[in-house]
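Subject: Handover of a structure, with notes

Dear colleague,

I am passing on the structure below, together with my notes on it. Please read the notes with the structure open beside them.

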Amino acid sequence: MSRTQARRVAVRAQLLDLPRPVDILEVVRTVGHLQVDLTAAVAPSAELVLWSRLGAEGSDARTLEDAVGDGSLVEIAGMLRPVEDVALYRAEMAAWRDGVPLEPWQAGPQRWIAANDAARHDVLELLRAEGPLPAQAIPDTTAVPWRSTGWTNGKNV
């Protein structure tokens, strides 16, 4: 295979040629996943990937939020994937930590989660009623505050 042919294969496989894909799910199913980038406020990675494949009309943040909100896309390990891919991860999810004691660094967060179980239920109830929300829109009902020496200190929600 020549370089030119290899380049064409790569461009087509990433949906960067014409005709454009028609929707977000087609893009995600073809490329495999979209990276969730919580720190890029201006241009999150997922939106850039969609914009480069769908154009401005099919790639706005609201459309992506709708795909997550209606359950078409789910987040697994920091990646948005089609909901049908969850079956591929179920065995690994079921086996995770099966009988293996927690490491010392894992015990603290687990205690924090247990102490704030009511807050967890509050968040889940709100999300079921309202759909996807930014963290700032979720009230802090934690009983025990999150303590960190880093940038997550005080970020209970």
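Predicted model: local features only at pLDDT ≥ 70, side-chain atom pairs only at ≥ 80, totals over all residues.

Residues are numbered from 1 along each chain as its sequence is written, and side-chain values use heavy atoms, with hydrogens and water left out.

**Pocket**

The largest pocket holds about 1400 Å³ of space. A pocket here is an open set of points on a 1 Å grid over the protein atoms alone, where a 1.4 Å probe fits, with protein on both sides within 12 Å along at least five of seven lines, and lining residues have an atom within 4 Å of a point; the points are joined across faces, edges and corners, and the volume is the space filled by probe spheres set on them. The lining of this pocket comprises 33 residues, of which Val-36, Leu-38, Leu-133, Pro-134 and Ala-135 are the closest to its centre. Two or more lining residues come from each of helix H3 (45-54), helix H4 (61-69), strand S2 (73-76) and helix H7 (117-130), where helices (H or I, at least four residues) and strands (E, at least two) are DSSP runs numbered from the N terminus. H4 gives the most, with 5 residues. By class, the lining has 22 nonpolar, 5 polar and 6 charged residues, with Ala, Val, Leu, Ile, Met, Phe, Trp, Tyr, Cys and Pro counted as nonpolar, Asp, Glu, Lys and Arg as charged, and the others, Gly among them, as polar.

**Core**

The largest nonpolar core has 13 residues, and those that touch the most other members are Ile-24, Leu-34, Leu-50, Leu-64 and Leu-73; such a core is a set of buried Ala, Val, Leu, Ile, Met, Phe, Trp, Tyr and Cys residues joined through side-chain atoms within 4.5 Å. Buried means under 20% relative accessible area, exposed means over 50%, and partly exposed lies in between (1.4 Å probe, protein chains only). Helix H2 (24-31), H3 and H4 each supply at least two residues of this core, and H2 gives the most to it, with 4 residues. Leaving out residues up to four places away in sequence, Leu-64 touches Ile-24, Leu-34, Ala-46, Glu-47, Leu-50, Leu-73 and Leu-80, a contact being heavy atoms within 4.5 Å.

Trp-112 has its place in helix H6 (residues 104-115) and counts as buried because its relative accessibility is 17%. Its C-alpha lies 7.0 Å from that of Val-144, although the two residues are 32 apart in sequence, and the side chain of Trp-112 reaches the backbone oxygen of Val-144 at 2.8 Å. That pair is a polar contact, meaning N or O atoms within 3.5 Å, of which, within protein, one must be able to donate a hydrogen and the other to accept it, and residues adjacent in sequence count only if both atoms are side-chain atoms. Asn-156, in the segment after H7, is also buried, at 12% relative accessible area. Its side chain is joined to that of Asp-140 by a polar contact of 2.6 Å, and a polar atom of the Asn-156 side chain lies 2.6 Å from the backbone nitrogen of Trp-146. Beyond four places in sequence, the contacts of Asn-156 include Trp-112, Thr-142 and Pro-145.

**Loops and backbone**

Ser-72, in the loop between H4 and S2, is buried at 18% relative accessibility, and a polar contact of 2.6 Å joins its side chain to that of Asp-70. The peptide bond from Leu-18 to Pro-19 is cis, with omega near -5 degrees, and Pro-19 lies in the loop between helix H1 (3-13) and H2. Leu-15, found in the loop between H1 and H2, has a positive phi near 60 degrees and is buried, at 14% relative accessibility. Ala-77, in the loop between S2 and strand S3 (79-82), likewise has a positive phi, of about 55 degrees, but counts as exposed, at 74% relative accessibility. Helix H5 (residues 86-95) lies largely in the open, because 1 of its 10 residues is buried.

With best regards
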